[in-house]
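Here's a quick briefing to read with the model open beside you. It goes from confidence to overall layout, then on to packing and the contact between chains.

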Amino acid sequence: MPQETIDNLRVAFGLDQPLSTQFLYYVRETIQGNLGISYQSRQPVWDEIANAIPATVALVGISALLSALIGTVMGIVAAWRRNTWKDQAITSGTMLFYSMPDFWLGMLLLVGFAVVIPIFPVGGIVDAGSTETGLARLLDMAHHIFLPAITLTLAYLGEYALITRSSLLDVMGEDYLTVARAKGLRDKIVRRRHAVPNALLPVVTLAAINFGFVLSGAIAVEAVYSWPGLGKATADAIRGPDLPMLQGLFLLFSAAVIVFNLIADLTYAYLDPRVED
Amino acid sequence: MTSLAMKRRRASATRMWTQFRSSRQGMIGLAILAVFVAMALAAPLLSDMRELNPVFARAQGNPQWAPPSEFAPLGTDYIRRSVWAQFVWGSRVSLFVGLAATVLTVLIGSVVGIVSGFVGGRVDGVLMRVTEWFLVIPFLPLAIVLASVLGRSVWNIIFVIGVTSWPSTARLVRAQVLTVKQRLFVDRARSLGARGWHIVNRHILPNVSGLILANATLAVPISILTETTLAFLGLGDPSSASWGKTLEEAFVNGAMTRNAWWYFLPAGLGILAVVLAFTLVGRTLEEIANPKLAERR
């Protein structure tokens with residue numbers, strides 16, 4: 001690249017200014033909603049991010065919901081049947097999944113179910129060159145989202161199972177459960193009406209807080225499946241490095257965590273009347 | 001340190017080891033760790049470092065993409081390098097980065113936690129606001145941004161992990177310091193004229209060290225997994241390849257579509273085993289430091 005081109009690019013991106021000026025400019029523009037121009041695509045960062053949001057929200061939403069549901073049920077079973085083979089299988093299984101890098105789990109599932117037994121596509125959100133619309137397109141997307149969603153679900157459900165289990169074990173020693181049993185209630189009803197609702201409080205908080213973090217947690221998994229969301233945008237921006245893009249994504253991820261923390265606090269106060277500040 | 005204090009510390013370490021030995025999960029974890037630490041230390045005996053160099057591999061006449069049946073013991077990769085050599089030497093980098101980053105994490109976290117809990121007042125207020133600020137920032141994106149700006153080296157990765165993951169340690173240590181501070185023996189020491197540093201060193205530290213050790217052991221898996229993810233995203237040190245770097249190269253060069261399982265299985269299994277081992281050991285230490293936990297598990 002000739003020196004002249006490099007100089008022109010530096011001027012175009014404002015990189016010829018001193019760092020302090022660049023920083024003031026960044027703060028002023030960010031407050032006004034301008035996140036700058038991506039080095040790689042030369043498009044406004046906000047447009048690039050806005051394009052990637054729906055794919056990530058779909059993927060993360062599905063896996064967050066599934067992992068919270070399945071993980072909670074597993075945690076309840078493990079606590080209620082503590083020290084049985086069911087408990088041991090659930091506890092060791094969740095520890096195993098916790099211990100592997102989520103993207104490596106994704107790589108294994110990809111090889112297993114897209115290469116060796118090719119029943120799922122290797123990546124992307126729709127088949128390349130697909131022109132389908134409506135229901136056919138939606139089905140195509142469902143076919144593509146399956147493996148990444150399963151990967152993230154498996155990666156996250158362990159946390160829910162462990163939290164639910166220990167929270168339920170705490171509750172199980174309480175007197176009001178003994179009272180419920182003394183009234184002659186069946187084991188199932190004691191569990192469903194008396195034990196589980198109280199034990200779920202911390203799980204609800206975890207779910208809300210996690211959702212904020214999970215948005216950024218899918219980075220490597222999205223990269224494995226070329227899922228065109230925020231995670232893949234981050235992975236692509238690293239290769240540059242496309243700093244304006246990374247700054248914008250980081251801002252969004254942080255905002256998500258703060259918003260969902262607030263939601264967690266509010267839900268907790270609503271669900272548990274003992275919390276009054 | 002007086003000989004009495006030394007004796008007491010030695011006695012408490014022996015007691016801890018006796019408790020640890022009776023835990024099956026703890027001993028299994030320790031055994032797995034011993035194998036991998038031995039492998040990392042004995043790397044030069046297990047594999048020639050030159051095997052990592054593609055020029056050397058070509059000169060040796062290694063085949064390309066050879067499965068283990070054609071090139072013992074673990075086959076070769078896209079540039080003819082032995083996968084076994086990458087596995088052995090990668091264990092060094094992964095373990096080193098994991099441990100060094102944890103030392104930094106625990107050091108920052110413990111200092112902040114102890115100062116905050118012990119000094120209290122305005123210092124506590126300021127330190128805890130800073131901690132909370134770090135706690136809500138999503139940790140992986142922050143690590144990514146920092147690593148992108150700082151550049152790709154082992155020391156930068158260690159720095160990035162340490163600087164981003166200390167807040168939970170700080171909060172835990174602070175809470176423990178606050179409860180220990182209320183105990184009578186601290187009042188007694190103070191009324192006998194002991195100063196701050198003496199109290200921290202002799203009365204507070206011995207009572208939080210078990211917790212810090214358990215927390216440190218449980219922080220290693222997070223450090224190792226973070227290093228792996230950063231390396232997989234292309235932020236690893238190009239000159240010293242960790243297991244995460246191996247996974248990245250395998251992925252980028254199409255090991256998945258070739259179904260070259262011998263290339264991406266060993267590194268992943270290595271991470272899985274080491275992380276699991278540290279988790280098992282850490283949970284055991286946690287139960288020793290806080291026996292109430294064991295009842296809930």
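The confidence score here is pLDDT, the predictor's confidence in each residue, from 0 to 100. This is a predicted model, so local features need pLDDT of at least 70 and side-chain atom pairs count only at pLDDT 80 or more, while totals for chains, interfaces and linings use all residues. Residues are numbered from 1 along each chain as its sequence is written, and chains are lettered from A and ligands numbered from 1 in the order in which they are written.

**Confidence**

- The predictor puts the complex at an ipTM of 0.88 and a pTM of 0.89.
- For chain B the average pLDDT is 88, and 98% of the residues score at least 70.
- Within chain B, helix H14 (residues 291-296) has the lowest confidence, with a mean of 70, and H2(B) has the highest, at 93.

**Chain B overall**

- Chain B has 14 helices and zero strands; helices (H or I, at least four residues) and strands (E, at least two) are DSSP runs, numbered from the N terminus.
- Along the principal axes, the C-alpha atoms of chain B fill a box of roughly 75 × 45 × 35 Å.
- Of the 297 residues in chain B, 43% are buried; that takes 20 or more other C-beta atoms within 10 Å of the residue's own, with 12 or fewer counting as exposed, anything in between as partly exposed, and C-beta atoms placed from the backbone.
- Among contacts in chain B with a separation of 6 or more, 72% join residues 24 or more positions apart; a contact means two C-beta atoms, placed from the backbone, within 7 Å.

**Helices of chain B**

- Helix H2 (residues 24-41) and helix H5 (residues 83-119) of chain B pack at about 110°, with their axes 8 Å apart; axes are lines fitted to C-alpha atoms, for helices over the stretch in contact, and angles run from 0 to 180 degrees between N-to-C directions.
- That makes H2(B) roughly perpendicular to H5(B), a label for angles of 65 to 115 degrees.
- H2(B) brings B:Phe36, B:Val37, B:Met39 and B:Ala40 to this contact, and H5(B) brings B:Val88, B:Ser91, B:Arg92 and B:Leu95.
- Helix H10 (residues 184-191) of chain B lies largely in the open, because zero of its eight residues are buried.
- After H10(B) comes B:Gly193, with a positive phi near 100°.

**Between the chains**

- The contact draws on 31 residues from chain B and 34 residues from chain A.
- On the chain B side, helices H7 (139-150), H11 (196-235), H12 (243-252) and H13 (261-289) each supply at least two residues.
- That side of chain B has 22 nonpolar, eight polar and one charged residues; Ala, Val, Leu, Ile, Met, Phe, Trp, Tyr, Cys and Pro count as nonpolar, Asp, Glu, Lys and Arg as charged, and the others, Gly among them, as polar.

- Leaving out residues up to four places away in sequence, A:Val224 touches A:Phe103, A:Gly106, A:Met107, A:Leu110 and B:Phe251.

**A:Ile163**

- A:Ile163 sits in helix H6 (residues 134-172) of chain A and is buried, with 20 other C-beta atoms within 10 Å.
- Beyond four places in sequence, A:Ile163 is in contact with A:Gly75, A:Pro202, A:Val203 and A:Leu206.

Note on methods. Parallel < 35°, antiparallel > 145°, perpendicular 65-115°, else oblique.
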